[in-house]
Amino acid sequence: KPVSEAKKLVYSRAKLEGGRNLTLFKEALKAHSGNLARAWRRCLDEDGSMFVTRVELYRAARMLRFQGNVRALWHALDMDDSGITSLEELDVAAAHTLAQFKKWSTQRSGSCQELFNEIIFMAQNPKNGQVNYKQFAKCLKKLGYQGPTKELFQSLDLTGGGLVSGEDVLFLDKWKSPPVWLHARPDHGALSQFKEELCDAFQATGADNPFVLAWRLLLDPMESNRVIWKEFAEACRQLGFKRNVPGVWRALDVDMSGYITLKELDAECDNVLKIFKIWAERTFGTISKAFDALDEDGSGELTYREFRQAVLKHGLPASMNLNQLLSCLDLDGKRCISRDEMMFLTDWELDEDPVVDKSKSGSPEAGK
């Protein structure tokens, strides 16, 4: 079901304001506790439930004397609108480390508490049932743990004093249902099948680039160029794809950012669109003004020929592959670009600069 332009605008503004406040809040948490995982336990999730409600967040913000917009902050943390927020929405890397350790400990020893008891038994001269990092890492290595020990220790060290006790791991045993994708392994075979089914589903529309069409209409209908796990899982449900969805997610979210962009699905198209967005906004100010300038006859659409002539006239970099750009913009395959087909770039978030091939020269060719 298409998302209205008004809803997209509201979402975009809330996302932008929320992102700013989340950055400030994370800085405040780190200043208070040293790292986000420790701050989660000390400032936010005081009952150890691994969930934080709006009330708990507001209380933490008051305790930290946070001066930002707490309402916007909440919406940034509760990205899936579940009414609660969890560690993976604040620090996905720490959540992944802890979830993996919990799964390994439970499979090996029955619980994290029992695993820690083994560590205490193995450690030389533990101090009052506590171990330092050197003892912790040495014991885990002997027990066969292959995860990141330093990050794990820092997440478990509640006081920041360099010691971890049995009480410091109890919250992991209370964590009843970590999201399945946190401890899933990347499944590249399932990812290949997912791409095939995605392509088959959208190839019939006549669009030159079914991946971009699928991204815009199915995966990222809010047009932010960021898709979180809940949105991805829902897209897979609508597609009818069922093979190891968590493994596909992990294969796409290589950097464990907690979200995916078009880059993870089609890096070349993502790069072309980013280059065009940056050029259009630098040259004309906004995507809307760019379309108005390129649409010289005011018809409300640009044929491929008109588009090619207009962008070259206004100085689009010669390295741009116009055939590919047009295939990314032309959703319906009618060989012309409408305002709506360009406007989605307005709210696209750019996590990094695009790659520009400076070895190419001359004017790129496009379809007539």
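1. A residue is called buried here when its relative accessible area is under 20%. By that criterion, and bearing in mind that this is a predicted model, the buried residues of helix α19 are L322, Q324, L325, L326, S327, C328 and L329.

2. Since seven of the eight residues of α19 (residues 322-329) are buried, this helix is largely enclosed by the rest of the structure. The elements against which its buried residues pack are the helices α12 (210-219), α16, α18 (304-313) and α20 (339-343), together with β8 (336-338).

3. Turning to a helix pair, α11 (residues 188-203) and α13 (residues 229-239) have axes that come within 11 Å and cross at roughly 60 degrees. An angle from 65 to 115 degrees would count as roughly perpendicular, whereas these two helices are therefore oblique to each other, and α11 passes α13 in a left-handed crossing.

4. On the α11 side this contact is made by F194, E197, L198 and A201, and on the α13 side by F232, C236 and L239. Sorted by class, the contact comprises six nonpolar residues and one charged residue, with no polar ones.

5. F194 deserves a separate comment: apart from its neighbours within four places in sequence, F194 is in contact with F232, C236 and L239, and also with F241, V248 and L265.

6. The largest nonpolar core has 107 residues, and those with the most contacts inside it are L44, F194, L198, F232, F276, F307 and L329. Helix α16 (residues 267-284) supplies the largest share of this core, namely eight residues.

Notes
Residues numbered from 1 in each chain as written. Predicted model: local features only at pLDDT ≥ 70, side-chain atom pairs only at ≥ 80, totals over all residues. Heavy atoms only, no water. Axes fitted to C-alpha atoms, helices over the stretch in contact; angles between N-to-C directions. Helix = DSSP H or I, 4+ residues; strand = E, 2+ residues; numbered from the N terminus. Parallel < 35°, antiparallel > 145°, perpendicular 65-115°, else oblique. Left-handed = near helix turned anticlockwise from the far one by under 90°. Contact = heavy atoms within 4.5 Å. Nonpolar A, V, L, I, M, F, W, Y, C, P; charged D, E, K, R; others polar. Core = buried A, V, L, I, M, F, W, Y, C linked by side-chain atoms within 4.5 Å. Buried < 20%, exposed > 50% of the residue type's maximum accessible area, 1.4 Å probe, protein only.
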